[in-house]
Amino acid sequence: SSLPSTYPQYLMKWLEFRAKVICDFMQKARSAVKSVNSKMKFGVYVGGWYSTYYDVGVNWAASSYDPSRYYKWATAKYKNYGYAEYMDQMLIGAYASPLKVFGSTEWTMAGFCSLAKEKTAGKCPIVVGGPDVGNWDTDNKVSQEQENQAIVQSVKACMDVCDGYFLFDMIHLKKAEQWQYAKQGIQQAIK
């Protein structure tokens with residue numbers, strides 16, 4: 001959903017409040033996990049589309065990243081509720097079209113990943129990105145060969161700008177018999 005051109009009076013404070021609630025929860029959840037096993041990695045999955053991710057009440061950036069400099073929906077205090085520093089690892093959904101593997105902006109796989117590294121500002125030690133191969137062409141506008149090659153290319157595209165790669169969802173590889181393309185992508189990425 002998109003925001004209206006003129007915001008309702010308390011919208012920005014509401015967005016700030018929601019981000020604070022989630023940030024507070026993440027701090028408490030991390031403490032609970034670490035109290036049981038201090039070596040356990042604590043992490044989260046988030047969508048890479050930060051510019052509109054406020055709609056789920058989450059600020060996954062580092063608290064040093066100030067979104068109010070770039071987005072009119074963010075208050076000056078919104079940055080205080082970034083929770084990247086409480087994570088040991090993050091999975092970034094780089095859910096772009098199979099025709100949008102490379103790039104530096106949102107809605108490209110590499111762009112989602114590089115922007116996530118920028119927004120987390122080194123506060124989260126492991127930031128991994130990857131595509132959604134089962135839902136990236138719901139209108140069936142892309143050929144099977146283009147999808148296969150997007151899988152191959154996505155591995156290196158994400159790994160070159162992030163700390164690793166994940167693929168959502170492996171059942172789609174199994175159904176479409178595309179394992180070989182993931183393997184080919186891994187082989188190219190680790191050269």
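This section describes a sheet and a helix of a predicted model.

The sheet is open and consists of three strands in the order S1-S2-S3. Its pairing is parallel. Strand S1 (43-47) and strand S3 (126-130) lie at the edges, and each pairs on one side only. Neighbouring strands of the sheet are turned by 20° against each other on average, with direction ignored. S1 and strand S2 (residues 89-93) run parallel and are joined by five bridges. In S2, isoleucine 92 stands opposite valine 46.

Helix H3 covers residues 109-120. The expected span of a helix is 1.5 Å times one less than its number of residues. The 12 residues of H3 should therefore span 16 Å. The C-alpha atoms at the ends of H3 are 17 Å apart, which agrees with that expectation.

H3 is mostly covered, with nine of its 12 residues buried. Buried here means under 20% relative accessible area. The buried positions in H3 are Met109, Ala110, Gly111, Phe112, Cys113, Leu115, Ala116, Lys119 and Thr120. These buried residues pack against two strands of the sheet, S2 and S3. They also pack against helix H2 (50-53) and helix H4 (144-159).

Both ends of H3 show local features. At the start of H3, threonine 108 places a side-chain oxygen within 3.0 Å of the backbone nitrogen of glycine 111. Gly111 is itself among the buried residues of the helix. Just after H3, alanine 121 takes a positive phi of about 50°.

Definitions and conventions: Residues numbered from 1 in each chain as written. Predicted model: local features only at pLDDT ≥ 70, side-chain atom pairs only at ≥ 80, totals over all residues. Heavy atoms only, no water. Pairing = 2+ DSSP bridges. Helix = DSSP H or I, 4+ residues; strand = E, 2+ residues; numbered from the N terminus. Axes fitted to C-alpha atoms, helices over the stretch in contact; angles between N-to-C directions. Buried < 20%, exposed > 50% of the residue type's maximum accessible area, 1.4 Å probe, protein only. Contact = heavy atoms within 4.5 Å. Polar contact = N/O pair within 3.5 Å; in protein donor to acceptor, adjacent residues only side chain to side chain.
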